[in-house]
Amino acid sequence: MRTILSLLLSAGWLFSQSLTNTSLNGAYFFRHVLIIGNTAGAVSEMRTAYGTITFNGAGSYTLTGSQIIGSGAPAAFTANGAYSVRGTGYVTIANPQRSGVEIYAGLGQGAVVGSTTEGAGGVYDLFVGIQAPSGGQSNASLNGAYLVSALEFPGGNASQMRNAWFRMAPNGVGAAGNLTVSGKAANAADRVNTSTVTSATYTIATDGTGTLTLPGSGLLNGTRAISVSSDGNLALLGLTSAGGHGLMVAAKAFAGTANAASFNNRFFRAGLRYEAARSGAYAGASNATGNGKLVSSLRVRQAEGVLDLTGANAYTISADSSGTLELGRLALGFGSASFHSNGVSTTDSNNYELSFGVRAAAPTGTGIFVSPQAVLNAASFAPVGAPLSPGGFFTLFGTGLAASTTVADRLPFPTTLGGVQVLVNNAPAPLYFTAPAQISALVPFAATGSTASIVVVNGAQRSAPVEIPLARTSPGIFTIPPAGTGPGALLHADFTLVSAASPAKRGETVLLFLTGLGAVTPPSADGAAASSTQLSTVNADVKVYVGGRQAAIVFKGLAPGLAGLYQINFTIPASSPTGSALPLAIETPEAFHDMADIAVSN
């Protein structure tokens, strides 16, 4: 048991005083695009608000600006409401355009980004706020190379929507240069094309607001309002004409020569998309570690409901800081402090999308400190915001957690190990591993509610509680080596490892090890070895996909004779594609997990 877990559970995390309402204070320029969808997710009404939102550092905000509804002209708009900053850096903000619901946002360094993922259905939105300057701005505030993504819905009508991106080089005195715009429009068969804008100009007033003018008759001709951040690295743009819905995000390009390794930070992220007459929106976090994979945990809202998505997407970065994220376009911001992407695909598609990420504000602490952004699924290591679930393995990182390193050497796992306890909603958790900077533990099966309060007790001292989402299921596939991405922990029927050198074959039944599948029948004691004679099977509906093809499940339950591990035996579909690293995904009613891969041959 100890040998198996030592292979599957990783060590090492770079973690960074917890964040509070005082962490979000002052004036931010904002733009908020909101779709009210029908039961199928199609547009029923559009609303766009823009202006300045001021947070008071104590949980309240005031907002002044303009609002566009449907095809109407902009009208003066004011609002006030509450906000709350969690220790993780997530923020809830009372939605200024839709009463009774909240925007689920992340507090970044100089920006806030989020979407309404909970509450009454039919709301799909994207909120972006960037820190406003205190004055003294001019055309010189916008100077250098910028990459811009645009998602617009002229007239509030999806049939007129357009998605575009371009590079501009404002010179600090009002000229933005000649632009090559790449994009598509719903009323032009969704085909990607390019157009040229000659002699674009801009003006910036002392408060950081102004206009960008794009002459000609191309995809994005006309004038947009522009608001520039206090450091000049970000700008928000948008139409201010009747029915002028949408948003443009501009980020100053990465300084120097960029490459895949330049994309290396933790980000809060949100996005809005419209595809095949269906709205969608999401908010969460993404980790980029410079290896060509962007790992995300997103709360996704679509017509069918809300689910937790954990996934890994391939990206490329060119020397000019532009690149691709899967099939869409990607732009890396100055200092790797932000990124944005869009649905301008390398092939024609009907996906219209804009996503913006900003480097996460990092909590720090002393003494017995559990990093609020580093309480993670022990298999996937999906970023902060991914839930835990009853019976699931989790790993937390911090400082002063234990006096020394201790590994459990018996079953059931003890609830005190090396003089340390971990409390989950005040219940002691079974412990597998304790060390000064890391602990691996199990969520008790009896844990209930929508959040888990995590506290570490080291002798007579206790950490501050960290609140983590709790869901019925939160699947995470163990990988070898333990990194969350890469080859899944899979065995052939003879218990040899599935690998690129020894791939699974079509029609073969293999064994997969994972965590986060929730309650089982018959129940099993916390931290105890699962019975080998009376198998405990998972209650939740579970699906497995190999290269996008659904696989037949032979068994789903606790791994017999082991503690804290789930096992799925499934058969590789006869129609499965072949390859050394096919996507291996798990779906439950609450979640979709797509980070690991599997090698398959004929």
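**Aromatic pairs and cavities**

A search of the whole structure finds 15 aromatic pairs (rings of Phe, Tyr and Trp, its six-membered ring, with centres within 6.5 Å; planes under 30 degrees apart are stacked, over 60 edge-to-face, the rest tilted). The model is predicted: local features need pLDDT of at least 70, side-chain atom pairs count only at pLDDT 80 or more, and totals for chains, interfaces and linings use all residues. Residues are numbered from 1 along each chain as its sequence is written, and side-chain values use heavy atoms, without hydrogens and water.

Take Tyr545 and Phe592. Their ring centres are 6.1 Å apart and their planes meet at 40°, so the pair is tilted. Tyr545 is buried, at 17% relative accessible area, whereas Phe592 is partly exposed at 23% (buried is under 20%, exposed over 50%, partly exposed in between, with a 1.4 Å probe and protein chains only).

Elsewhere, ring pairs join Tyr28, Phe55, Tyr61 and Tyr83 into a cluster.

Now the cavities (sets of points on a 1 Å grid over the protein atoms alone where a 1.4 Å probe fits but cannot get out; lining residues have an atom within 4 Å of a point). Of its 15 lining residues, Leu442, Phe445, Ala525, Gly527 and Gly564 are the closest to the centre.

The second largest cavity has a volume of about 70 Å³. Its lining includes Asp308, Asn377, Pro387 and Ala591.

Key. On a 1 Å grid over the protein atoms alone, a cavity is a set of points where a 1.4 Å probe fits but cannot get out, and a pocket is an open set with protein on both sides within 12 Å along at least five of seven lines; lining residues have an atom within 4 Å of a point. Grid points are joined across faces, edges and corners, and a volume is the space filled by probe spheres set on the points.
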